[in-house]
Amino acid sequence: MGLLTILKKMREKERELRLLVLGLDNAGKTTLLKRLNGEDVGGTSPTLGFNIKTLEHRGFQLHVWDVGGQSSLRSYWRNYFESTDGLVWVVDSSDRQRLQRLAGATLLVFANKQDLPGALPAGAIRQALDLDSIRSHRWRIQGCSAFTGRDLLPGLDWLLDNIGGRLCPPD
Ligand code: G3D
Ligand code: MG
């Protein structure tokens, strides 16, 4: 393969993006993807495995990943998540009940692998991800080690207390 061909291939690679579509079931993820792809949108059925569609848009090749419900193929998702460039969250605007729950959803970020030498402390991860800019949701970053189990429970306890406080406020 000549140098020019390699360079061309690298350029093409740069114009490939991987997008992950998430949201509650029935939000319309599969329909949205089909519509974007110019397919018939009548009669989608619950996504059992997953859909990957490659769309062309503005000179970009978009590999869009629509994750369904239960799937024995979940072990394959990993490879995909690792190189996600963008995350699309689809909401069912007519589902008032579940919308309320989403609005209040609490975010817990585990800064894992704190047992490794050289691991960035939770505060540094907090800065790198600019978590302080999140004002719409209650959030917390918890340094932990899933390997040793250290500080997993404080994270989980905070999450449950937070959700509990929201769903069943004290009298
Ligand atoms: P999901 O992949 O997020 O689980 P689906 O959701 O794409 O399977 O869609 C769930 C249901 O919502 C489908 O209806 C679908 O037709 C409907 N839907 C998706 N997008 C829209 C939209 O923009 N407007 C309306 N009115 N309905 C939409 P069924 O009846 O097949 O369950
Ligand atoms: Mg679906």
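Start by selecting Asp 132: it counts as partly exposed, at 34% relative accessibility. The cut-offs are these: buried means under 20% relative accessible area, exposed means over 50%, and partly exposed lies in between (1.4 Å probe, protein chains only).

Some ground rules come next. This is a predicted model, in which local features need pLDDT of at least 70 and side-chain atom pairs count only at pLDDT 80 or more, while totals for chains, interfaces and linings use all residues. Residues are numbered from 1 along each chain as its sequence is written, chains are lettered from A and ligands numbered from 1 in the order in which they are written, and side-chain values use heavy atoms, with hydrogens and water left out.

**Stop 1: a salt bridge**

The term means a side-chain nitrogen of Lys or Arg within 4 Å of a carboxyl oxygen of Asp or Glu. Side chains of opposite charge can pair when their charged atoms come close. Arg 126 is partly exposed, with a relative accessible area of 33%.

**Stop 2: the whole chain**

Zoom out and switch to a cartoon view. How many helices and strands does the protein chain have? It has 6 helices and 6 strands. Both are DSSP runs, numbered from the N terminus: helices are H or I with at least four residues, strands are E with at least two. Trace the chain along the sequence and the pattern reads α-β-α-β-β-α-β-α-β-α-β-α. The chain has 171 residues, and buried residues make up 25% of them.

**Stop 3**

Select Met 10. This residue is in helix H1, which covers residues 3-14. Together with Met 10, they make a nonpolar surface patch of about 540 Å². Patch residues have over 30% relative accessible area and no salt bridge; like charges are joined within 9 Å, and nonpolar side chains (Val, Leu, Ile, Met, Phe, Trp, Tyr) within 5 Å. The areas come from the Shrake-Rupley method with a 1.4 Å probe, and for residues only the protein chains shown count as cover.

**Stop 4: a charge over a ring**

Select Arg 15 and Phe 60. The charged end of Arg 15 sits over the ring of Phe 60, 4.3 Å from the ring centre. To count, NZ of Lys or CZ of Arg must be within 6 Å of the ring centre and within 35 degrees of the ring normal.

**Stop 5: Thr 30**

Move to Thr 30, in helix H2 (residues 29-36). Is Thr 30 buried or exposed? It counts as buried, because its relative accessibility is 14%. UniProt, in an unreviewed entry, places the feature "binding site" at Thr 30 and Thr 47. UniProt positions follow the numbering used here, feature names are shortened, and annotations may be inferred rather than shown by experiment.

**Stop 6: a link across the chain**

Select Asp 25 and Arg 98. They form a salt bridge, with the closest N and O atoms 3.4 Å apart. The pair links distant parts of the chain, 73 residues apart. Asp 25 is in the loop between strand E1 (16-22) and H2, and Arg 98 is in helix H4 (residues 96-103). Asp 25 is exposed at 52% relative accessible area. Arg 98 is partly exposed at 28%.

**Stop 7**

Select Thr 106, in the loop between H4 and strand E5 (107-111). Thr 106 is buried, with a relative accessible area of 15%.

Next, select Ala 122 in helix H5. Ala 122 is buried, with a relative accessible area of 18%. What is the C-alpha to C-alpha distance between Ala 122 and Gly 143? It is 5.1 Å, though they are 21 residues apart in sequence.

**Stop 8: positive phi**

Select Lys 113, in the loop between E5 and helix H5 (122-128). Its phi is near 70°, a positive value in a residue other than glycine.

Finish at Asp 151, in the loop between strand E6 (139-143) and helix H6 (152-167). Asp 151 is not a glycine, yet its phi is positive, at about 65°. Its side chain meets that of Arg 150 in a salt bridge (3.3 Å, N to O). Asp 151 counts as partly exposed at 29% relative accessibility, and Arg 150 counts as partly exposed at 45%.
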